[in-house]
Amino acid sequence: MPGRAGRNRTRDPFYYWNRIAPTKPGAQALATELGLDTPAAGHSTTGFKSGILYPIRRLIITGTDTPANYTTLLGPLWNIKAADAIKQTRIEVLLCPPPGSPAHTASMHMDAGAPCYAPRGPIAEEEAELNEVRNMQQRLSEQMGERSGGDVESSDIKEMIMRMGGDWDTNIGALEAAVNNTVQGGERGKDKS
């Protein structure tokens, strides 16, 4: 009998993506259709392609993020163990991070090789969360003013958290998404033509 650490390990989404999916013809076919580089069967990989955000994001950006496809690539426990990552990634994708933002920089690597960019539209709950993030982006922009360089500084974040008062813990996710989807590094306010 396996020890506690080994129990359900094969059903963990990370383990499934790296060890089980590469051995399943259906998973390999779906990965190929999505332009995913899959881990070699039975071999560990390193880097972002070995993590579960890589297949999650690809399913989301191609509009193929269905329960059946999540199960095919991440195994039967995806909806329990990866639900938060899926929710957060959907919001990030639906925000359409602008060039110059940290989220855009990361997405360039994650999305390379994707056959299309056609995410499903937001459901009502996601639309409310998107509005919350956009509101936080506006507040962050007001906090930063027209400071040259456009970088969000730790003092900006600290001030935003202080302004949240007792609600900081319920708003921190929106603040994080706002920071990650804000143009930084001198790109802010530049003519895009």
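**A pocket and a helix crossing**

Modeller: Welcome! In this predicted model, α10 supplies the largest share of the lining of the largest pocket, six residues.

Colleague: What is the volume of the largest pocket, and which residues are closest to its centre?

Modeller: Its volume is about 390 Å³. The lining has 19 residues, and Gln88, Ile91, Gly173, Glu176 and Ala177 are the closest to the centre. Two or more lining residues come from each of α6 (83–94), α7 (102–110), α8 and α10.

Colleague: How do the residues of that lining divide by class?

Modeller: Eight are nonpolar, five polar and six charged. Gly is placed among the polar residues by this scheme.

Colleague: Is the crossing left-handed or right-handed?

Modeller: The crossing of α8 past α10 is right-handed.

Colleague: What makes you say that these two helices are in contact, and which residues meet?

Modeller: Contact calls for heavy atoms within 4.5 Å. From α8, Glu132, Val133, Met136, Gln137 and Leu140 take part, and they meet Thr170, Asn171, Ala174, Leu175, Ala177, Ala178 and Val179 of α10. Sorted by class, this contact has eight nonpolar residues, three polar and one charged.

Methods: Residues numbered from 1 in each chain as written. Predicted model: local features only at pLDDT ≥ 70, side-chain atom pairs only at ≥ 80, totals over all residues. Heavy atoms only, no water. Left-handed = near helix turned anticlockwise from the far one by under 90°. Helix = DSSP H or I, 4+ residues; strand = E, 2+ residues; numbered from the N terminus. 1 Å grid on protein atoms, 1.4 Å probe; cavity = no way out; pocket = protein on both sides within 12 Å on 5 of 7 lines; lining within 4 Å. Points joined across faces, edges and corners; volume = space filled by probe spheres on them.
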